[in-house]
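Student: Hi! Could you walk me through some charged side chains in this one?
Tutor: Happy to, let's bring it up.

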Amino acid sequence: MIRKSKIKKNGERAKFSGKFIELVEDEVTFPDGSPGIYTRIRYHNNPDAVVIVPQDSDGNYILLVHDRYAAGKQMLEFPRGMDSDCRNSKDTARTEAQEELNTDPQELTYLGSIYPDGAVIETMAHVWLVKI
């Protein structure tokens, strides 16, 4: 069972705000009573994201190569994206398949939700199995 964090947030300060994200510094109290600071990243309006797990008719999973500037290299990953218009995650998963794989999905199955970068980013991602 997933429980609420035992780290108590006492306050927050915006340290930076850009076009897509803001950097927030939280004053916290740890379970042992000691004070601390957590820095986190928040997308403006904090829209949910989607991760699609594409599967072809032979049962193979498809990963894409993306050039990721922050990592300084190309990365192998499942397609993912956000929808700032706040449509439902199934529609966003379908759009991601069309944009990233140039195909319409035959079937979409919801697998659940995750916080892929939960240590620093508060965005939740809905994970969809996409049969193509």
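Tutor: One cut-off before we start: buried means under 20% relative accessible area. Also keep in mind that this is a predicted model.

Student: Okay. Is R40 buried or exposed?
Tutor: R40 is buried, because its relative accessible area is 13%, and the cut-off is under 20%.

Student: Which side chain meets R40 in a salt bridge?
Tutor: That is E122, with an N to O distance of 2.3 Å. The two are 82 residues apart, so to speak of places: R40 sits in strand β3 (residues 35–43), and E122 in the loop between β8 (107–114) and β9 (125–131).

Student: And how accessible is E122?
Tutor: E122 is partly exposed, at 26% relative accessible area.

Student: How many salt bridges does the structure hold?
Tutor: There are 11 salt bridges.

Student: Switching topic: where does E77 lie?
Tutor: E77 is in strand β6, which covers residues 73–77. E77 is buried, with a relative accessible area of 12%.

Student: What salt bridges does E77 take part in?
Tutor: One is with R68, where the closest N and O atoms are 2.3 Å apart. Another is with R80, at 3.8 Å between the closest N and O atoms. R80 is partly exposed, with a relative accessible area of 41%.

Student: What about L76, buried or exposed?
Tutor: L76, also in strand β6, is exposed, with a relative accessible area of 60%. Leaving aside neighbours within four places in sequence, L76 is in contact with L63, L64 and V65.

Methods. Residues numbered from 1 in each chain as written. Predicted model: local features only at pLDDT ≥ 70, side-chain atom pairs only at ≥ 80, totals over all residues. Heavy atoms only, no water. Helix = DSSP H or I, 4+ residues; strand = E, 2+ residues; numbered from the N terminus. Buried < 20%, exposed > 50% of the residue type's maximum accessible area, 1.4 Å probe, protein only. Contact = heavy atoms within 4.5 Å. Salt bridge = Lys/Arg side-chain N within 4 Å of Asp/Glu carboxyl O.
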